Amino acid sequence: MSDALAPEAPPPDPGTPAQLTAQLDGAVLAVPGVDALYSAAPLVATVVASVIATTVEAVTGKPQSTSSVSVSEKEGGLKIAVKIGVAAPFAATDVSRRVHDAITDQLDQNGNPVVTEIAVTVARID
């Protein structure tokens with residue numbers, strides 16, 4: 001019997017940035033009390049992304065999607081921003097905290113990349 005430790009498994013690969021944002025979109029939408037997800041990117045970036053997606057879809061015939069959760073590189077790590085709509089019977093502060101926790105849980109599953117900021121904005125309350 002050996003006391004040698006088994007080599008640790010490498011951390012999970014978060015995949016491409018598009019896969020990560022899609023995973024984060026799904027994690028946020030699964031939070032009770034979130035009834036809408038809005039683009040967190042600045043308006044100009046949202047319009048440009050929409051035009052590009054529409055053009056690519058017209059050329060390729062394949063639907064293109066744009067992510068609602070914004071993931072960007074910032075000094076020292078990732079900056080994540082999300083804008084949500086909150087359903088009426090839920091408290092916006094509670095839902096915001098659960099969204100933050102859902103994002104950190106998803107990032108933990110993806111190998112825990114360094115995150116410098118997670119911004120959750122409530123854009124609408126029913």
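Mentor: Arg-124 and Asp-35 form a salt bridge, with their closest N and O atoms 3.1 Å apart. Arg-124 belongs to strand β4 (residues 115-125) and Asp-35 to strand β1, so this pair ties together parts that are 89 residues apart in sequence. Bear in mind that this is a predicted model.

Trainee: Which residues are linked in a network of salt bridges?

Mentor: Asp-35, Arg-124 and Asp-126. Asp-126 meets Arg-124 through their side chains, at 2.2 Å from N to O.

Trainee: How many salt bridges does the structure hold?

Mentor: It holds 3. One of them joins the side chains of Arg-97 and Asp-101, at 3.7 Å from N to O.

Trainee: How far apart are Arg-97 and Asp-101 in helix α3?

Mentor: They are 4 residues apart, so about one helical turn separates them. Asp-101 is partly exposed, with a relative accessible area of 33%.

Trainee: Switching topic. How many helices and strands are in the protein chain?

Mentor: The chain has 3 helices and 4 strands. From the N terminus, the order is α-β-α-β-β-α-β.

Trainee: Which sense do β2 and β3 pair in?

Mentor: Antiparallel, over 5 bridges. β2 covers residues 70-74 and β3 covers residues 77-86. Ser-72 stands opposite Lys-79 in β3.

Trainee: How many residues sit between β2 and β3 in the hairpin?

Mentor: There are 2. Look at Gly-76 in the turn: its phi is positive, about 85°.

Trainee: On to the inside. How many residues are in the largest nonpolar core?

Mentor: That core has 19 residues. Those with the most contacts inside it are Val-28, Val-82, Ile-84, Val-99 and Ile-103.

Trainee: Which elements each supply at least two residues of this core?

Mentor: α1 (17-29), β1 (34-38), β3 and α3. The most comes from α3, which gives 6 residues.

Trainee: What share of the residues in the protein chain is buried?

Mentor: Of the 126 residues, 26% are buried. The accessible surface of the chain is about 8000 Å², and carbon and sulfur atoms account for 59% of that.

Trainee: What about contacts between residues at least 6 apart in sequence: what share joins residues at least 24 apart?

Mentor: In this chain, 74% of them do.

Trainee: Last topic, confidence. What is the mean pLDDT of the protein chain?

Mentor: The mean is 77, and 66% of the residues reach 70 or more.

Trainee: Where is confidence lowest, and where is it highest?

Mentor: It is lowest in helix α2 (residues 43-60), with a mean of 53. It is highest in helix α3 (residues 92-109), at 96.

Trainee: And where is the pLDDT below 50?

Mentor: Over residues 9-13. Beyond near neighbours in sequence, that stretch has 4 contacts in the model.

Conventions: Residues are numbered from 1 along each chain as its sequence is written. This is a predicted model: local features need pLDDT of at least 70, side-chain atom pairs count only at pLDDT 80 or more; totals for chains, interfaces and linings use all residues. Side-chain values use heavy atoms; hydrogens and water are left out. Two strands pair if DSSP finds at least two bridges between them. pLDDT is the predictor's confidence in each residue, from 0 to 100. Contact means heavy atoms within 4.5 Å. Buried means under 20% relative accessible area, exposed over 50%, partly exposed in between (1.4 Å probe, protein chains only). Accessible areas come from the Shrake-Rupley method with a 1.4 Å probe; for residues, only the protein chains shown count as cover. A nonpolar core is a set of buried Ala, Val, Leu, Ile, Met, Phe, Trp, Tyr and Cys residues joined through side-chain atoms within 4.5 Å. A salt bridge is a side-chain nitrogen of Lys or Arg within 4 Å of a carboxyl oxygen of Asp or Glu.
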